[in-house]
Amino acid sequence: MSLVFAGVCSHAPGITGRAQRADPKVRDAFYAKLAELRARLEAAMPDALIVIAAEHFANFFMNNMPAYCMGMADQYEGPIEDEQWLAIKRTRVPGNADLARRIVKRMMHDIDLAYAEEWKFDHGIMVPLNFLTPRYDLAVIPVNINCQGPPLTPLHRAYEFGRILRRACDAQPERIAVVGTGGISHWPATPDSGVINETWDRAFLDKFVHNRSDELVAYSDEETFRDAGQGGFEIRTFIAVAGATEGSTGEVLFYAPIPAFAVGCTVAVMTVGAASRRDSAR
Amino acid sequence: MSLYYVQKLLYQLNRDPHVRERFASSRDSLLSEYELTAEERNAIADGDIGLLYVMGVNGQILMHYSALIGQNWDEYIAAMRGGVKVHGPVRGGLYTMLEDRKP
């Protein structure tokens, strides 16, 4: 049918793995909004969920690093991390190879992307699924944007990737949801873990929910690294969702810095309007 | 200095049980397959997270390796801080991308 849902959320491993360290009031308010995101996702009755993630060296390494990759398997497994460390049990997650193949084929007309018939999920996908599809009963199609090993895809390309993904989804008979997951500012897994630039995050989120594409793609990687840490490179996942909902705006359901989780915890949705005229004319 | 191979080995240890098995049973033979300096080989063999961080290993690789060798979160953060204290600022990789942070 088409894209029926679009949202974003955080994925930091502390969200599940170090739950007891956070202020319970803020943490529970965050969890409640993740539950609301799940309710909204389910209300859209999707046949499949595309998760646009920024994985952390679970599958891809600098020996052969794709800028963009889509999973094309009927099942996945995760997390690769220690189960106790992440507090998520290792499990199998259903995929949809046939649908993914059709989407990849369609997207290849406009953009180059890699595909993978094998994919182990890390916390970058497992933490969102833990809240959004905790019964693992919805087909997931993973997408990775390299946000770890520079050189990274430019931001305007991430936006364009989202636009092309949207066009490919709209050409399928299935109802498809998309959730982007990343950043925003954070310095994960470094001695600065727990530092969060709330001002920068709020400014970015304002651009995101108003889908001001020119501003969203204007950050240089040097600026992002300085102001938002290396974790800030993951804004590419949000920007791709903005591209998939070009012309629409959205709503921040939750934002609060939670230092124990080492990230400004975010939940937001974008309205899925009609595909932009620019696309339907083509 | 062969940061690429240090990271490659840690990446493979993190995700592949067979590589982990060889790391436990025949460490020297496994390490000889990677182009490593003596300092790098020792840092990996000793699980010296602080030195590996200073060498420039990406935290997303290092964090998983730390969990793998049984460190808890506080030990992991303390090890990196200790590494910087003993060995000085990060020498290579992603964390030196800004000119003013270069050692």
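Student: Which element gives the largest share of the lining of the largest pocket?

Tutor: Helix α6(B) does, with three residues. This is a predicted model, in which local features need pLDDT of at least 70, side-chain atom pairs count only at pLDDT 80 or more, and totals for chains, interfaces and linings use all residues. Residues are numbered from 1 along each chain as its sequence is written, chains are lettered from A and ligands numbered from 1 in the order written, and side-chain values use heavy atoms, without hydrogens and water.

Student: How do you know which residues line the largest pocket, and which lie nearest its centre?

Tutor: On a 1 Å grid over the protein atoms alone, a pocket is an open set of points with protein on both sides within 12 Å along at least five of seven lines, and a lining residue has an atom within 4 Å of a point. Here 16 residues line the largest pocket, with I80(A), E81(A), R90(A), N14(B) and R20(B) nearest its centre. Two or more lining residues come from each of β4 (75-78) of chain A and α1 (3-15), α2 (17-25) and α6 (59-68) of chain B. The pocket has a volume of about 360 Å³, a volume being the space filled by probe spheres set on the grid points, which are joined across faces, edges and corners.

Student: How does the lining of the largest pocket divide by residue type?

Tutor: Into five nonpolar, three polar and eight charged residues. Asp, Glu, Lys and Arg count as charged; Ala, Val, Leu, Ile, Met, Phe, Trp, Tyr, Cys and Pro as nonpolar; and the others, Gly among them, as polar.

Student: What makes a space a cavity, and how many does the search find?

Tutor: A cavity is a set of points where a 1.4 Å probe fits but cannot get out. The search of the whole structure finds five of 30 Å³ or more. About 100 Å³ lies in the largest cavity. Its lining has 16 residues, and A12(A), P13(A), H186(A), P188(A) and Q60(B) are the closest to its centre. By type, the lining of this cavity divides into eight nonpolar, six polar and two charged residues.

Student: How do you know the extent of the interface between chain B and chain A?

Tutor: By contact (heavy atoms within 4.5 Å), 24 residues of chain B meet 29 residues of chain A. The buried area, which is the accessible area (1.4 Å probe) lost on being put together and summed over both parts, is about 2700 Å², with 66% from carbon and sulfur atoms. In chain B, Y11(B), Q60(B) and W73(B) lose the most area to chain A, together 24% of what that side buries.

Student: Why is the pair of R21(A) and D74(B) called a salt bridge?

Tutor: The rule asks for a side-chain nitrogen of Lys or Arg within 4 Å of a carboxyl oxygen of Asp or Glu. The N to O distance for R21(A) and D74(B) is 2.9 Å, so the pair meets the rule.

Student: Why does the bridge of D74(B) and R21(A) join two chains?

Tutor: The closest N and O atoms of D74(B) and R21(A) are 2.9 Å apart. D74(B) lies in helix α7 of chain B and R21(A) in the loop between α1 (14-17) and α2 (24-43) of chain A, so the pair joins two chains.

Student: What makes P150(A) and P151(A) worth a look?

Tutor: A cis peptide bond joins them, with omega about 5°. P151(A) sits in the loop between β7 (139-145) and α6 (155-170) of chain A. The bond from G183(A) to I184(A) is also cis, with omega near 20°.

Terms used:
Helix = DSSP H or I, 4+ residues; strand = E, 2+ residues; numbered from the N terminus. Buried area = accessible area lost by both parts, 1.4 Å probe.
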